[in-house]
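Me: Hi! Could you walk me through this model while I have it open?
Reply: Happy to, here it comes.

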Amino acid sequence: MLEQSQEDKASSNASRPAGTAEELHDTQNLPDDRNVRIDKVGVRGVRQPIRFRDADGGEQETVAIIGMAVDLAKEVKGTHMSRFIEALNAHQGPIDLANLGALLRELRQRLGSETAHIEMDFPFFRRKAAPVSGIESVMDYQVRLDANAIRDEIDVVLHVAASVTTLCPCSKAISDNGAHNQRGLVTIQIRSREAVSVEELIEIAESSASSELYTLLKRHDEKAVTERAYENPVFVEDLIRNVALRLNAHPQITWYKIEAENFESIHNHNAYACIEMG
């Protein structure tokens, strides 16, 4: 029995990879002679639960799809993909616009890079009361954080997308009964001196349209929303200009890009407008 155990042990040792983790070849650190620098290399499609903290202090749990990248020097063959996930997992506490800089610095340090990039896409939820019945329901919006570091300089762009209702002024003017309306999508991207809340950008988008949307409406609510839209017709051009006026007056915003798209109800195409400032 003793001899058999020794044979089993020898067989087991033979089947193991040779060497310890410290002795394995680090292929990524091999030199590369093609003399081509890579601007961004990393991981995308990382799905992870996060706790997002808005600029107004509110926090909520959600699920983000995350991408991370760094630059790669021309003389280095490859980056270390596992270190991106290690840096993300090392982050404790909620994610907000202020602490993204710390995560970027962590990426640069772990991967020895001059630049780092993080993108996070996630749904953002708000409870909304219907306009007449007051019944509450949950509305979802889409938020994206784009953060870049070039050495110690940090740049963060906040994206917020909100769906709205628009009613066509031309249709109202020429029709004896009714006017065509449709759902539209307003996307706001900003850079700012101080963090601006997602809640505030949603309010700006919704108040610039013919009406805001709700998840749950009873009959009296539906009547109120329909009549509100009819009394406040806006072209896609009106919608985007209304948003721009609000952002122009904001003391913290230094750059913005607004896009509005109406998913037309009587045309086989959409109406689109864009304004960029700064």
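Reply: β4 (136–150), β5 (153–167), β6 (181–192) and α6 (219–231) each give the lining of the largest pocket at least two residues. Helices (H or I, at least four residues) and strands (E, at least two) are DSSP runs, numbered from the N terminus. This is a predicted model, where local features need pLDDT of at least 70 and side-chain atom pairs count only at pLDDT 80 or more, while totals for chains, interfaces and linings use all residues. Residues are numbered from 1 along each chain as its sequence is written, and side-chain values use heavy atoms, with hydrogens and water left out.

Me: What volume does the largest pocket have?
Reply: About 330 Å³. A pocket here is an open set of points on a 1 Å grid over the protein atoms alone, where a 1.4 Å probe fits, with protein on both sides within 12 Å along at least five of seven lines; lining residues have an atom within 4 Å of a point. The volume is the space filled by probe spheres set on the points, which are joined across faces, edges and corners.

Me: Switching topic: where is His-250?
Reply: His-250 sits in the loop between α7 (236–248) and β8 (253–262).

Me: Is His-250 buried or exposed?
Reply: His-250 counts as buried because its relative accessibility is 13%; the cut-offs are under 20% for buried, over 50% for exposed and partly exposed in between (1.4 Å probe, protein chains only).

Me: What does the His-250 side chain make a polar contact with?
Reply: The side chain of Glu-200, at 3.0 Å. A polar contact is a pair of N or O atoms within 3.5 Å; within protein, one must be able to donate a hydrogen and the other to accept it, and residues adjacent in sequence count only if both atoms are side-chain atoms. A polar atom of the His-250 side chain also lies 3.1 Å from the backbone nitrogen of Gln-252.

Me: Which residues have a positive phi, then?
Reply: Among them are Asn-35, near 60°, and Arg-151, about 55°. Asn-35 is in the loop between α1 (2–15) and β1 (38–53), and Arg-151 is in the loop between β4 and β5.

Me: How exposed are they?
Reply: Asn-35 is exposed, at 53% relative accessible area, whereas Arg-151 is partly exposed, at 47%.
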